[in-house]
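Welcome! Take a moment to look over the chain below, and then we will walk through it topic by topic.

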Amino acid sequence: MEMSFQGSQGRAYLFNSVVNVGCGPAEERILLTGLHAVADIYCECCKTTLGWKYEHAFESSQKYKEGKYIIEMAHMIKENGWESPPKK
């Protein structure tokens, strides 16, 4: 099941795990769904901030996000799959 969220730069997606990312220090932020402790995540290669990791959700309805990652669509690149191939 695909879960779509609103990031600071538009559409974002929730992932159980990610690769090739670093994690900054956690801090409390008030997001659209309430207060969370989150840590920014960034590309290990270019150091661009990609989204955040949910460290702690203060509201019980948001606990399912703990330990998961948000990556904003604006920072995703998918080769060979997201765009239709050219017609021949």
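**Cysteines that stay apart**

The sulfur of Cys-45 has its closest cysteine sulfur in Cys-43, 5.2 Å away, which is too far for a bond. A disulfide needs the two sulfur atoms within 2.5 Å, and the count for this model comes to zero disulfides. Keep in mind that the model is a predicted one.

**More on the cysteines**

- Cys-45 is exposed, with a relative accessible area of 75%.
- Cys-23, by comparison, is partly exposed, at 38% relative accessible area.

**The overall build**

- The protein chain has six strands and zero helices.
- Read from the N terminus, its elements run β-β-β-β-β-β.
- Of its 88 residues, 31% count as buried.
- The accessible surface comes to about 6300 Å², and carbon and sulfur atoms hold 52% of that.
- Among contacts with a separation of 6 or more, 37% join residues 24 or more positions apart.

**A hairpin to find**

- Strand β3 covers residues 21-31 and pairs with β4 in the antiparallel sense, over nine bridges.
- β4 itself spans residues 34-43, and two residues sit between β3 and β4 in this hairpin.

**Charged partners**

- Side chains of opposite charge can pair when their charged atoms come close.
- Four salt bridges are counted here.
- Which residues are linked in a network of salt bridges? They are Glu-27, Arg-29 and Asp-40.
- Arg-29 meets Glu-27 with N and O 2.8 Å apart.
- Arg-29 also forms a salt bridge with Asp-40, where the closest N and O atoms are 2.8 Å apart. Because Arg-29 lies in strand β3 and Asp-40 in strand β4, this pair ties together parts that are eleven residues apart in sequence.
- Elsewhere, the side chains of Glu-66 and Lys-63 meet in a salt bridge, at 3.3 Å from N to O. Glu-66 is partly exposed at 30%, and Lys-63 is partly exposed at 35%.

- Ile-30, Leu-35 and Phe-58 make a nonpolar surface patch of about 300 Å².
- Leu-35 belongs to strand β4 and counts as partly exposed, at 30% relative accessibility.

Key. Residues are numbered from 1 along each chain as its sequence is written. This is a predicted model: local features need pLDDT of at least 70, side-chain atom pairs count only at pLDDT 80 or more; totals for chains, interfaces and linings use all residues. Side-chain values use heavy atoms; hydrogens and water are left out. Patches are made of residues with over 30% relative accessible area and no salt bridge: like charges are joined within 9 Å, nonpolar side chains (Val, Leu, Ile, Met, Phe, Trp, Tyr) within 5 Å. Accessible areas come from the Shrake-Rupley method with a 1.4 Å probe; for residues, only the protein chains shown count as cover. Helices (H or I, at least four residues) and strands (E, at least two) are DSSP runs, numbered from the N terminus. Buried means under 20% relative accessible area, exposed over 50%, partly exposed in between (1.4 Å probe, protein chains only). Two strands pair if DSSP finds at least two bridges between them. Contact means heavy atoms within 4.5 Å.
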